[in-house]
Amino acid sequence: MGTVRRHLFIDADADTVWGLVGAPERLHEWFPTTSTRMEGNKRWITLASGITFEEDIVTLDHDLRRFQYRIVNNPIITSHLGTVDVIPDGDHRCVVIYSTDMEPEVLALPIGGAAGVGLAALKERFEGNS
Amino acid sequence: MGRKILFITTDQQRFDALGCNGGIYARTPNIDALAANGIVFDRAHPQNVVCMPSRSTMLTGQHVSTHGVWMNGVPLPESAPSIARTLHDVGYSTALIGKAHFEPLLDPFLRFTENRLGAHRVTAEPGHDPHRGFDHMELATHGAAGQLHYSQWLREHHPTEIGGYYNVLDRELQVNAEGGGDTGAPQVKANPIPREWYHTDWVAERTIAWLDSLPNDRDWFCWMSFPDPHHPWDPPASELHRVRWQDVDLPAGYIADANERERVIDDKLRHWRGWYDGTFVSNYEAPAKWVPSTLTPDQVREVNAFTHVENELIDEAIGRVLAAVSSRGWSQDLDVVYTTDHGEFQGDFGLLFKGPYHVDSLMRLPLIWRPAPRLGMKPARVGRPVGLVSLASTFAHIAGLDQPSYAEAPRLPVDDADADSLGHERVLTEWDSVLFGKIVHLRTIHRDGWTCTAALDGTMNSFGEGELYDVTADPLQHVNRWDDPSVRALRDELLADLWSNLPQQQTPLRTMDAPV
């Protein structure tokens, strides 16, 4: 199983950041995907290469500020669980943690890389140039 | 007009691949002619023995600890220094044609420019500065998969040939262990593709096309980068007659007796035996499901034969490009630098591929600098140690520029006396791999005929362990003298020199965004 984890501290309160991260239909606003489509507990995301992933939303817990999803019905990906946590660190700071566990294990690496881009975009969005 | 620069690289080529370096199978007359009229380096090492870190060193003139591309899959930042940008800024036209690999190849998000250029079928991104200083990038890698230009060209013009290439990855996206050829050797396949559509010839043809686009009075820097002879070993089947594997002797570095082979491996750092037995695959560059101890003598011979064929095709492609340069009247002003990014076991120690193994199989590289003939410089063989880290300063020197401020090593010397005056005393090589909990860190110095490798703490090795080879007396590095009391003082002196000359590693290490 390939396991990666990325995290970033953001100088913004957890509820504000969760307002975006906890809206799975808005993924393309911060993660390097080109489009997002939702139907119930299903989500489809499209990458710049044209690849589309079908996903099941497993957890959307606004109290815990945890989002979990699985890539499903994929000819290559046999196992996947993605987890995004937004955890307060005081009143005005939080840490966003993006974890991926998957088979084939090597695919966890580019997803981890994309998560790094996404977290940086969140930080830029909520901190601006400060 | 100034001097033009043709920088030719291969991928994963051994020192002894070429006739000028004692190779006896592949006929390499064009490269040998460059060597006969130029400077041949007998002890050139890379600063890392896999592609992305080594190529990043070539471009930046920096050791791995400085540029930070510590393993394949770690992208070189777009803001990193680039000798191509330096040359571009003084008026050179610049191109990279063939394999770049400063950025990960496995890139489903199309985050990286190299892949976007290929996917969008352009040679530069409109509205952007030249990527890394190259006006023109037309890219290829090992085979038909992926987004790069050669793959797109093959898909568009010769789609039926795609399946003729060996599948580099298996269904689990691991480097494929499937055997082929006559012997079942991993990553071997006779490729039915016509020779003129194979990537070696494509790289040469695209290079000639770019040169044809330039005006006569333009100074230019062209990095012509062949993906071969890196695995998979799948040259055009029509060319296999050149070197029949049945006619190839086992290489000197292959230890036929299994007990002796394992004794030699057991005398090295522990990760060697772990890989040999298939229990410790520390890096993505070799098939995870292949067990090296199963390698047969005939498989070694077949891999070597296919490699020799690929090397011949490269030499012939170089000949065509040099003829095209000549037809433009540029020959007298042309500097040619030829090298590779790292070596290949090709059967040494009963192993194939590469990894954290700092011996000559992977570290001793072909390197030739044929200065512009109009200068009338004397041919030479240089025995002093040099590194690919000197290439950027060399290109600057050819262009009449001082050593760039970002470059960490002086230019290549023109003979041993020049090497001494420039301070070419030692060459350093680093290894860092962290792959899902399997960790190897090595630091190596070569000087005064000795290669000394210190392990840092990792999964199988601990700081204080290492390898020490007298490369003159033991050219195959079969005897590890790390614990030999008679050379303890020498070892400690080498280690002190290593630690005092190695740049401080940039920490935290940058993230690994792909396996390769």
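**A conversation about chains A and B**

Q: Which residue just after α12(B) takes a positive phi?
A: Gly400(B) does: placed just after α12(B), Gly400(B) has a positive phi of about 85°. Please note that this is a predicted model.

Q: And helix α12 of chain B, is it enclosed or open?
A: Helix α12, covering residues 391-398 of chain B, has 7 of its 8 residues buried, so it is largely enclosed by the rest of the structure.

Q: Which residues in α12(B) are buried?
A: The buried residues of α12(B) are Leu391(B), Ala392(B), Ser393(B), Thr394(B), Phe395(B), Ala396(B) and Ile398(B).

Q: Let us step back. How many helices and strands are there in chain B?
A: Chain B holds 14 helices and 16 strands. Its C-alpha atoms occupy a box of roughly 60 × 55 × 45 Å along the principal axes.

Q: How much of chain B counts as buried?
A: Of its 516 residues, 63% count as buried. The accessible surface of chain B is about 17,000 Å², and 50% of that belongs to carbon and sulfur atoms.

Q: What share of the contacts in chain B joins residues 24 or more positions apart?
A: Such pairs make up 73% of the contacts in chain B with a separation of 6 or more.

Q: On to the strands. Why is β9 of chain B described as largely enclosed?
A: Strand β9 spans residues 334-340 of chain B, and 7 of its 7 residues are buried, so the rest of the structure largely encloses it.

Q: Which way do the residues of β9(B) point?
A: Leu334(B), Val336(B), Tyr338(B) and Thr340(B) point one way, while Asp335(B), Val337(B) and Thr339(B) point the other way; all of these are buried.

Q: How many bridges join β1 of chain B to β9(B)?
A: There are 7 bridges between strand β1 (residues 4-11) and β9(B), and the two run parallel. Within this pairing, Thr10(B) stands opposite Thr340(B).

Q: In which sense do β9(B) and β10 of chain B pair, parallel or antiparallel?
A: The pairing of β9(B) with strand β10 (residues 367-370) is antiparallel and extends over 4 bridges. Tyr338(B) has Ile368(B) in β10(B) as its bridge partner.

Q: In what order do the strands of the open sheet in chain B come?
A: The order is β13-β14-β15-β16, 4 strands in an open sheet with antiparallel pairing.

Q: Which strands stand at the edges?
A: The edge strands are β13 (427-435) and β16 (466-470) of chain B; each has a single partner strand, so one side of each is left without a neighbour in the sheet. On average, neighbouring strands of this sheet are turned by 10° against each other, direction ignored.

Q: How many bridges join β13(B) to β14 of chain B?
A: These antiparallel strands are joined by 9 bridges, with β14 covering residues 438-447. One of the pairs is Thr429(B) with its bridge partner Thr444(B) in β14(B).

Q: One more residue of chain B: where is Leu495(B) found?
A: Leu495(B) is part of helix α14, residues 488-501 of chain B. Leu495(B) has a relative accessibility of 13% and therefore counts as buried, the cut-off being under 20%.

Q: What is Leu495(B) in contact with?
A: Apart from its neighbours within four places in sequence, Leu495(B) is in contact with Cys452(B), Ala454(B) and Trp482(B). Pro192(B) lies 50 Å from Leu495(B) in space, C-alpha to C-alpha, and 303 residues away in sequence.

Q: Now chain A. In what order do its elements run?
A: From the N terminus on, the order in chain A is β-α-β-β-β-β-β-β-α. Its radius of gyration is 14 Å, close to the 14 Å that the globule rule gives for 130 residues, so chain A is as compact as a globular protein of that length.

Q: How much of chain A counts as buried?
A: Of the 130 residues of chain A, 48% count as buried. The accessible surface of chain A is about 5,900 Å², with 49% belonging to carbon and sulfur atoms.

Q: Is Glu55(A) buried or exposed?
A: Glu55(A) is buried, with a relative accessible area of 1%. Glu55(A) lies in strand β4, residues 52-61 of chain A.

Q: Which side chain does Glu55(A) join in a polar contact?
A: The side chain of Arg43(A) does so, at 2.6 Å. Beyond its neighbours within four places in sequence, the contacts of Glu55(A) also include Tyr69(A), Arg70(A) and Ile71(A).

Notes: Residues are numbered from 1 along each chain as its sequence is written. Chains are lettered from A and ligands numbered from 1 in the order in which they are written. This is a predicted model: local features need pLDDT of at least 70, side-chain atom pairs count only at pLDDT 80 or more; totals for chains, interfaces and linings use all residues. Side-chain values use heavy atoms; hydrogens and water are left out. Buried means under 20% relative accessible area, exposed over 50%, partly exposed in between (1.4 Å probe, protein chains only). A polar contact is a pair of N or O atoms within 3.5 Å; within protein, one must be able to donate a hydrogen and the other to accept it, and residues adjacent in sequence count only if both atoms are side-chain atoms. Contact means heavy atoms within 4.5 Å. Two strands pair if DSSP finds at least two bridges between them. Axes are lines fitted to C-alpha atoms, for helices over the stretch in contact, and angles run from 0 to 180 degrees between N-to-C directions. Accessible areas come from the Shrake-Rupley method with a 1.4 Å probe; for residues, only the protein chains shown count as cover. The radius of gyration is taken over C-alpha atoms; the globule rule is 2.2 Å times the number of residues to the power 0.38.
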